[in-house]
Amino acid sequence: MILEVKNIEKFFHDPVEFKVLNDISFGVEKGEFLTLVGKSGCGKSTLLYILSTMDTEYKGQLIIDGENVTSYGQDQLAAIRNEKIGFIFQFHYLLADFTCLNNIMIPALKLGKLSKEEIEYKAMEKLRMLDMTDQALKPASKLSGGQQQRIAIARALINDPLIIMGDEPTGNLDSKNTQVVFEILQELAHEKGQTIIAVTHDNDFAKASDRTIIMSDGQIVRGE
Amino acid sequence: MANSINRKIATTYFISGRKMTTVAIVGVLLGISIFIFMNSLSAGFDRQSSESFFKTTAHIRIYKDDVLSVPLQPENENSVLIVNPKVVPTKNTIDNPEEILALVKQHSDVIVAFPQVNTPVFYNNGKSQIAGTTIGFPPVEGNQLYKIENFMVQGAVQNLEMNRNGIIIGSGIADRMNLNTGDNLSITSSKGVNLNLTVVGIFQTNNSREDKSKSYVNLALAQQLLREGNTYITDINVNVTDPNKAPAIAEELSTITGYKAEDWKAANAAYMAASKMRKIVITFISFTLLIVSCFGIYNILNMTVSQKINDIAILKAIGFNGKDVVRIFVYQALTIGMIGVVLGVGFAMILVNILSHVYIGGDIGNFPIGFEPLVFLKGILVGFFITFLAGYVPARKAAKVDPVSIFRK
Ligand SMILES: Nc1ncnc2c1ncn2[C@@H]1O[C@H](COP(=O)(O)OP(=O)(O)OP(=O)(O)O)[C@@H](O)[C@H]1O
Ligand SMILES: [Mg+2]
C-alpha cells in the first residue's frame, strides 16, 4: 500500500465548532487510479490537503510509502512533498513571474537530483505530452485557465512522484483536453506505477478510473 | 543546487519588482551615504581640532600643583574645628627636574618629554614695545612636539640649537618691527632682565594673535630672563604614542613622579565637552537617518512578501521549507543591500570629495573632511546589517505562511 489513512478526523473551530471529516480510513495501492467524489462542501479538498501533508491539524494516522508521517515536522514533510507527491490544485496555481518552463522545472531544481539540462529536457517532454510546447517561454500569467491547468499538471509530474494528487485537475479543461489528461494519468498509473488520487465532479472521469470513493458530510459512504 | 534555485527565485522577484526594489535601493543609498558622510565629518572635525590643538599643547603636562593647608589637629567629638584652608605658599617649581625627566622618559608610551619655562616679555622696538610670551625649551625636543618646523617662513629651528642667544619670533612681531633673520632684537623680562638676541627664525601659524606675541628661545635663556638657575623648571611637557590614551598615562606618570600630571583632555574640559556634544549630535542624526532608511527597506520587503503570499504557498506545497523561504527573501534583501551599499559608498565619496575642496579659510583652510577608511568600513557593515535585519523580519513572516489557508481562499 502506497498511502493509507486511519481514522482521520478534522474539526474547524471558526466560526463554530464543526467536524469536517469523520473517521476516514482507506488505503490506496501502488499504481491505482483513485477518484474522490461527493457534493460540494462535503470535505474532499480538506481531505486531500491532509493526504498531501500540507495540513497537519488532524486526528488519526497518515502513512505514505510505508512511513507514518503523522508526527513529522514541517521540514520533513516539505521534503516528502517535493520528492514523492505531485499536487494539482483546484485553482491552477502557478508562479506568475516565471515562464511556463520554469514553473515546471522548479520542483525538480529544488530536488536537485538531475542537472539543469536534464530537467529542462524532461520539462519539455511533459509540455509536448500536454500539447503546450509553443507556450514554454511565455510568462505563466499570460495563459488561459485551461492552459495554466495543463502547466500545473506538467509541474506535478516533473519529479516522477509516487503519488499524484489532483483537486479537480480537469475542472478548467474542455472535453478534448480532459480526455488527454485522463489518458496521461491512466498511463502513468498503469504503465509507470504512479498512484493517482483525484477529486472530481465529472462522472465520466470517475467512472473510467479504477476505483471511486464517494463522500458525504465528511464521511465515506462507498468505496473504502 | 537547492540553494541556487532559491537564489534564482529571489533574482526573479528582484527583477519583476523593479520599481519597489529601486526605491529600496535608493533608501539604502541615501541612508548609508549620509551615515558615512556624517561620520567622516565627525572624524574630520576631531582630527582637525586635535591637530590644531597639539600645535600649542602637549599631550600631558607635569607640574607642581598648589597644596591646600590642612589643620594641624584633627577634629574630634569634643572639639569643633573651624578651618580656613589656604594655598600653601611654596615654590611652583619641580624640585628634581633631571630625575623626574628620566623617570618620565622610561615610560614605554612616552615619545618625547622635555622641560619648558614660559615667561612674559616685552619686545623692544625703539620707544615702542610689544608684549608677548617667550617659551624656553630644548629646541630639538620642542620641535618634535610642537612641529614648529612646519610653520617656519625664515630660518630653521635647528639654528636655535647652534646659537645660544638666538630667538625664533612670530611673523607678526617680525612685520611690526621690520625684522629678518640675522637682525638683533632686544627683549625685557618681567624681572627687568634686558637681553640682546639674534633672530634665527620666523614662524607663521594660522593664528595671528600667536604670531604677534609668541617667541621661542633656549631653556637656559628663559631661566636667565627670570633670574633663575638652570634647575628652575615649572613644566615638563610629554607627548605619548596615542593622544587618546593620555588620561591613563597621565595618571601613571602622576604616581611615578609624585607631581601633578594633567592630560590635554582634562586641561581642556570645556573644549572636550563641546566636542563630545558635537559627536553625540552627529551620531544621533546619522543613526536617525539610518533607522528611517531601515524602515523604508523593511516596509518594501514586507510589501513584497504580502504580494507574493500566493507564491509562497505554492512553493511550500511543492516542497520548499521554511528555511528556503527565508533565504529567498533574505537574498532579495541582501541584493538590495549590496547594490545600495556600493552606490551609497560611491555617493559618500563624491560628497566627501566635494566638501574637502571647499575652502573655509582662517585657521582651518579647506573643510576638514577626508577619506576615512574605518568610517567607510563601518558604513558598509552597518548597511549590510540593516538590510539583513529589514529583510529577515518579513522573511520570517513569509516562512510561517500556512499554504492550506491560502489555497482555501
Ligand atoms: N477554513 C475553514 N474554516 C471553517 N470551515 C471551512 C474552512 N474551509 C472549509 N470549510 C468548510 O468545510 C467544508 C468542506 O470544505 P471543502 O473545501 O473540503 O469542500 P469540497 O468537498 O472540496 O467542496 P468543493 O467540491 O466545492 O470543492 C465546507 O463546508 C466548508 O465550508
Ligand atoms: Mg474542493
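View 1. The model is predicted: local features need pLDDT of at least 70 and side-chain atom pairs pLDDT 80 or more, while totals for chains, interfaces and linings use all residues. Residues are numbered from 1 along each chain as its sequence is written, chains are lettered from A in the order written, and side-chain values use heavy atoms, without hydrogens and water.

**View 2. Four salt bridges cross the interface of chain A and chain B.** The rule asks for a side-chain nitrogen of Lys or Arg within 4 Å of a carboxyl oxygen of Asp or Glu. A:D97 and B:K308 form a salt bridge through their side chains, at 2.5 Å from N to O.

**View 3. Between chain A and chain B about 2400 Å² is buried, 64% of it from carbon and sulfur atoms.** Buried area is the accessible area (1.4 Å probe) lost on putting two parts together, summed over both. On the chain A side, A:Y93, A:D97 and A:K110 lose the most area to chain B, together 26% of what that side buries. Contact (heavy atoms within 4.5 Å) links 27 residues of chain A with 29 of chain B.

**View 4. Seven bridges join the antiparallel strands β1(A) and β2(A).** Strands are DSSP runs (E, at least two residues), numbered from the N terminus, and two of them pair if DSSP finds at least two bridges. A:F12 lies opposite A:F18 of β2(A).

Technical notes
Helices (H or I, at least four residues) and strands (E, at least two) are DSSP runs, numbered from the N terminus.
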